[in-house]
Amino acid sequence: MRDAGPDSGAGERERVAFLDARSLIGCRHRLRLTATYPEVLAGVAEDTGVQQRRDAAVAHREHVRDTLVAAQPEWWVVIDPAQPAAIRAEATMEACSQGAQRIWGAVLPQEFDTGRRGGSEILLRDEMRGGYIPVIVVNHKVTDARQPDPADHHPVTSDLYQWNPQPDRHVRSRPQPRDQQRLTHLYRMLQRHGLASPALVGGAIGLAFDRILIHDLTGLLDDYDRRYADRIAVIRGELPTVPSKVPECRQCPWWSRSGTPDEPSCERWLTEHHDVSLVAPGSRAELLRRHDVETVEDLAGWTGEEPDDWQYEPFAEAVVTARAWISGAPLVRRVERLQVRRADVEVDVDLESYQEFGAYLWGTLLDGVYRPFATWDPVPTTDEARSFAEFWTWLMGRRAEAAVAGKTFAAYCYSRNAEDKWMYESARRFAGMPGVPTEDQVREFVDSPEWVDMFQAVSEQFICPNGKGLKKVAPVAGFAWRDAEASGEASMSWYRLAVGYDGGEVDLTQRTRLLEYNEDDVRATLALRDWMVPSTPGGRSAEAEVPSMADFRGPEHSRRTIGT
């Protein structure tokens, strides 16, 4: 966050705080700690999942660069990425002064007074109005396909090779605040040098690499300016910060580290202060603090009308969550009688995918027997079509057999978003290949009552003070994973080794590890279902073990915990 500035009159290098657009989104406290105590993180290994996503983004940008430049080499000036940033900034400014039509790898001069620094994968010259339009290349989706419809609004997109913004009836946009902040940041930097296009737009090329999504920056400038002023003041030490729990905490190195021996880690600070964000993370905590609710106890003791600006779950549930956290209860029943659809034939399903490249494993559990359908060719690969088709054929076969036998059928997953996404994606990508269903066939199944999301069942019927993830909830039902390191992020590293993704030897032990992890996931959904709605009497029962909301109502709410 800090770098050396220009020579001062005394001949010394002044220390200047710089801020790039990546730091405009996310935790302010993390930003301050990283800027103030950079030595603490020196040598700390970056989270494996984060590094893999970073490597994938680099590879995606290189592919976009090589494709675009090869198609129209006479249009492009490519800034040498191996040069120091100052040299690249000089080359960028020279290319702009020469009126280059398209610049790849642009770096804008660091601003020692404002602290801004940044660069854009592409600068496009606005031939009509003058100046340049920033276009960034990102490794996530910026649009989704949709059938043309008579909607009142359509996103504006442009062809990749010819700048021609037009309303696009074939996609819907997936705007990312991080992308919008970066484009606005770049606009302000171009504006400083008189190089910003009067069109006041920016563009983003996403993972699909099929069009440029146009962002209108007009309504974003005021928010950006306020956000930037706040963030630069934080890293300059002009504004204090304190921890607050947000989703980012899960992978933040400061969660368990402190800047100095006298300064507690974020986890310790939040726990010692019983900070309200422990039970109401993110924007919920920000809102509650505006109502003088600082601690879990403050929320647990709330009386009277709920805040008039509360816009989340029922406020009474937020209060119960705080009371449950104090009592140590990991779950609270919203309902007296728990319900989960049960069937004569029950199949549990869980998939494993690698980033946005493909789904390599579909795991199933039926009558206690685990059946995986996998490809070990590194994704993306057409062999995905085979493994997906085999999974789909097997699953639909069991569904059809049940129907013929007059039996009910249900398939279960935990948080269907991923399974739904990859079923649709696979149907689109491999359309027409043997055994691959059509999108309509996928839709008929996932929209039917026979496709049951256990995450939805948990969310609707339990309050979960410690989180609703399968690895948070299933252990309460008595389930344990065999691998202590089992997680979605860890599986990314295992997969690279399992398929020799980095050009090394294939590690067959990691394939076994992935299969066991996937098997444990499907067995966990079964264990959770049997606990919520037991199929046989005499076993453990969530209704008997988990306190209800009634146990936490009133000023003298019970301290009952699970098992009491």
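Residues are numbered from 1 along each chain as its sequence is written, and side-chain values use heavy atoms, with hydrogens and water left out. Because the model is predicted, local features need pLDDT of at least 70 and side-chain atom pairs count only at pLDDT 80 or more, while totals for chains, interfaces and linings use all residues.

Two packed helices are described by the angle between their axes and the distance between the axes. Axes are lines fitted to C-alpha atoms, for helices over the stretch in contact, and angles run from 0 to 180 degrees between N-to-C directions. Helices (H or I, at least four residues) and strands (E, at least two) are DSSP runs, numbered from the N terminus.

Helix 11 (residues 416–429) and helix 12 (residues 439–446) have axes that come within 8 Å. These axes cross at roughly 160 degrees. Helix 11 is therefore roughly antiparallel to helix 12. Angles under 35 degrees count as roughly parallel, over 145 as roughly antiparallel, 65 to 115 as roughly perpendicular and the rest as oblique. The crossing of helix 11 with helix 12 is right-handed. A crossing is left-handed if the near helix is turned anticlockwise from the far one by less than a right angle, and right-handed if clockwise. Helix 11 makes the contact (heavy atoms within 4.5 Å) through Arg416, Asp420, Met423, Tyr424, Ala427 and Arg428. Helix 12 contributes Glu439, Val442, Arg443, Phe445 and Val446. By class, six residues of this contact are nonpolar, none is polar and five are charged. Here Ala, Val, Leu, Ile, Met, Phe, Trp, Tyr, Cys and Pro count as nonpolar, Asp, Glu, Lys and Arg as charged, and the others, Gly among them, as polar.

Helix 10 (residues 383–404) also packs on helix 12. The angle is about 50 degrees, and the axes are 13 Å apart. That makes helix 10 oblique to helix 12. The crossing is left-handed. Trp392, Leu395, Met396 and Arg399 of helix 10 meet Gln441, Val442, Glu444 and Phe445 of helix 12. This contact has five nonpolar residues, one polar and two charged.

Helix 10 packs against helix 11 as well, at an angle of about 120 degrees and with axes 11 Å apart. The two helices are therefore oblique to each other. Their crossing is left-handed. On helix 10 the contact uses Glu384, Phe388 and Trp392. On helix 11 it uses Met423, Ser426, Ala427 and Arg429. Four of these residues are nonpolar, one is polar and two are charged.

Two backbone features lie in loops. A cis peptide bond joins Val379 and Pro380, with omega about 0 degrees. Pro380 sits in the loop between strand 16 (369–374) and helix 10. Gln355 is not a glycine, yet its phi is positive, about 50 degrees. Gln355 lies in the loop between strand 14 (345–354) and strand 15 (358–366).

A cavity is a set of points where a 1.4 Å probe fits but cannot get out, and a pocket is an open set with protein on both sides within 12 Å along at least five of seven lines; lining residues have an atom within 4 Å of a point. Grid points are joined across faces, edges and corners, and a volume is the space filled by probe spheres set on the points.

There are two cavities of 30 Å³ or more. The largest cavity has a volume of about 90 Å³. It is lined by 13 residues, and Cys27, Arg30, Cys249, Cys252 and Cys266 are the closest to its centre. Helix 1 (residues 28–36) gives the largest share of this lining, three residues. Nine lining residues are nonpolar, two polar and two charged. The second largest cavity holds about 30 Å³. Its lining consists of Arg482, Asp483, Arg513, Glu516, Tyr517 and Asp520. One of these is nonpolar, none is polar and five are charged.

The second largest pocket holds about 820 Å³. Of its 27 lining residues, Lys141, Asp144, Ala145, Glu425 and Arg428 lie nearest the centre. Strand 7 (143–145), strand 10 (171–173), helix 11 and helix 12 each give two or more residues to the lining. Helix 11 gives the most, with six. The lining has 10 nonpolar, three polar and 14 charged residues.

Methods: On a 1 Å grid over the protein atoms alone, a cavity is a set of points where a 1.4 Å probe fits but cannot get out, and a pocket is an open set with protein on both sides within 12 Å along at least five of seven lines; lining residues have an atom within 4 Å of a point.
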